[in-house]
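User: I would like to go through this model with you and hear, for each label, what it rests on.
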Amino acid sequence: MPKIAVLPGDGIGQEIVPEALKVLKAVTADSPVSFEYQEYWVGGTAIDKTGKALPDETLKGCKEADAILLGAVGGPKWDHLPASERPETASLLSIRKELEFYANIRPVKMSASLIDSSTLKKEVVEKVDLIVIRELTGGLYFGKKGRTEEPLSAYDVMTYSAPEIERIVRLAFQTAQQRRKKLCSVDKANVLETSRVWREITNKIAKEFPDVELTHMYVDNAAMQLVRNPAQFDVIVTENMFGDILTDLASMLGGSIGMLSSASMNGKKGMYEPAHGSAPDIAGKNLANPLATILSAALMLRLTFGLEKEAQKIETAVIKVLDQGYRTADLARSGDKVLGTREMGDAVVAALEK
Ligand code: NAD
Ligand code: IPM
Ligand code: MN
């Protein structure tokens, strides 16, 4: 039986993951597939229980599983810890590195019924349908870092090797090939050597994909273009930190950070997690939007298990619920039917086609 490691983590992670599980169980109830779910501690919650953000048992469970469903990690309670012990580095980044989840896929699509919930104008967001492919195991996050004294100074080194760039760029070309055949590679090649190498390699790989139109854009311009005219983008590929920043920005093109799903992949194996964090400001209040996590579960069914029909059932149910005017607080405007986290999960389950 395929195994799913379930890691709710911290803050709203504890609230949104149960909703995604509810939907996963409902959508597979009448199908021949069934999963073995095993829950593990991770992040600050794991520090409190075991003293370690990534207990050995959790890492082992992640390695043995076919897929991982993660909520979020981190929060003010653990911010004082030394960098290497903090939930973000010690658990999330460690899992990504240990399992070599080098490709982070973040799809941003505006649902017709959310257009009026957007903070941007209708004509800007109505045709948004893009995917950001973010390199996830290289760059500044994993380079050498440290401090020197007198005067105090600090450094974070950014390195990219050709094979690291090649594999993510090739995946991005393949993704574009299956879509509108447009790939925009985002870098800072006017300043950074890593970006210049990134660009050279991307141009080289482009020869394997003559049917895909490749453009290059500097990251500062890309941030501006994503707000000015986001519909120009089909697939964006970029390095780790640029991708982190641009995807939070891009999440608002789909209405809310609470809508942005994500898949961190190595081949078919993946960790599925919303793009947002543990949202300490709303944690424990049944206010969080669980849809990014529910949509991440749909990505899991599609990308790891090849269950396209079930994945689409979830995505269709989410659209239906939004069409019915149901909103969590992050998306709500006056006149909307405002639901809590649990109630939104229930609404998606109720909207699943039999
Ligand atoms: P955040 O994404 O947690 O929250 C930013 C803002 O968005 C907050 O106002 C929050 O209430 C809101 N928000 C986020 N998700 C929401 C949802 N599902 N529904 C409604 N509103 C939502 O970012 P932050 O505040 O910068 O970080 C908080 C903690 O989360 C930090 O410790 C950070 O390191 C961690 N973090 C973890 C992950 C992860 O585990 N993948 C990702 C990002 C941040
Ligand atoms: C994300 C998060 C993480 C990242 C943090 C928590 C380490 O912001 O998944 O986008 O920067 O990758
Ligand atoms: Mn982020």
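User: What makes up the shell around ligand 2 by class, in nonpolar, polar and charged residues?

Analyst: This is a predicted model, in which local features need pLDDT of at least 70 and side-chain atom pairs count only at pLDDT 80 or more, while totals for chains, interfaces and linings use all residues. Residues are numbered from 1 along each chain as its sequence is written, and chains are lettered from A and ligands numbered from 1 in the order in which they are written. The shell around ligand 2 has three nonpolar, two polar and two charged residues, where Ala, Val, Leu, Ile, Met, Phe, Trp, Tyr, Cys and Pro count as nonpolar, Asp, Glu, Lys and Arg as charged, and the others, Gly among them, as polar. The residues that surround ligand 2 are Gly74, Glu88, Leu92, Leu93, Asp244, Ala275 and Gly277, each being counted as near if its C-beta atom, placed from the backbone, lies within 6 Å of the molecule. Helix α4 (residues 87-98) gives the most to this shell, with three residues; helices (H or I, at least four residues) and strands (E, at least two) are DSSP runs, numbered from the N terminus.

User: Which residues are the closest to ligand 1, and how does its shell divide by class?

Analyst: Ligand 1 is surrounded by 21 residues, of which Gly74, Gly258, His276, Gly277 and Asn289 are the closest. Its shell divides into ten nonpolar, seven polar and four charged residues.

User: Why is α1 called oblique to α10?

Analyst: The axes of helix α1 (residues 13-27) and helix α10 (residues 291-303) come within 8 Å and cross at roughly 45°, the axes being lines fitted to C-alpha atoms, for helices over the stretch in contact, with angles from 0 to 180 degrees between N-to-C directions. Angles under 35 degrees count as roughly parallel, over 145 as roughly antiparallel, 65 to 115 as roughly perpendicular and the rest as oblique, so α1 is oblique to α10. Here Ile16, Val17, Glu19, Ala20, Val23 and Leu24 in α1 meet Thr293, Ile294, Ser296 and Ala297 in α10, with contact taken as C-beta atoms, placed from the backbone, within 7 Å. The residues of this contact divide into seven nonpolar, two polar and one charged.

User: How many bridges join β3 to β12?

Analyst: Three bridges join strand β3 (residues 67-72) to strand β12 (residues 269-272), and these strands run parallel. Within this pair, Met271 in β12 is the bridge partner of Ile68.

User: What sets the backbone apart at Pro151 and at Glu100?

Analyst: Most residues other than glycine have a negative phi, and most peptide bonds are trans. The peptide bond from Glu150 to Pro151, however, is cis, with omega near -10°, and Pro151 has its place in the loop between β6 (145-148) and β7 (153-156). Glu100, which is not a glycine, has a positive phi of about 50° and is found in the loop between α4 and β4.

Methods
Pairing = 2+ DSSP bridges. Contact = placed C-beta atoms within 7 Å.
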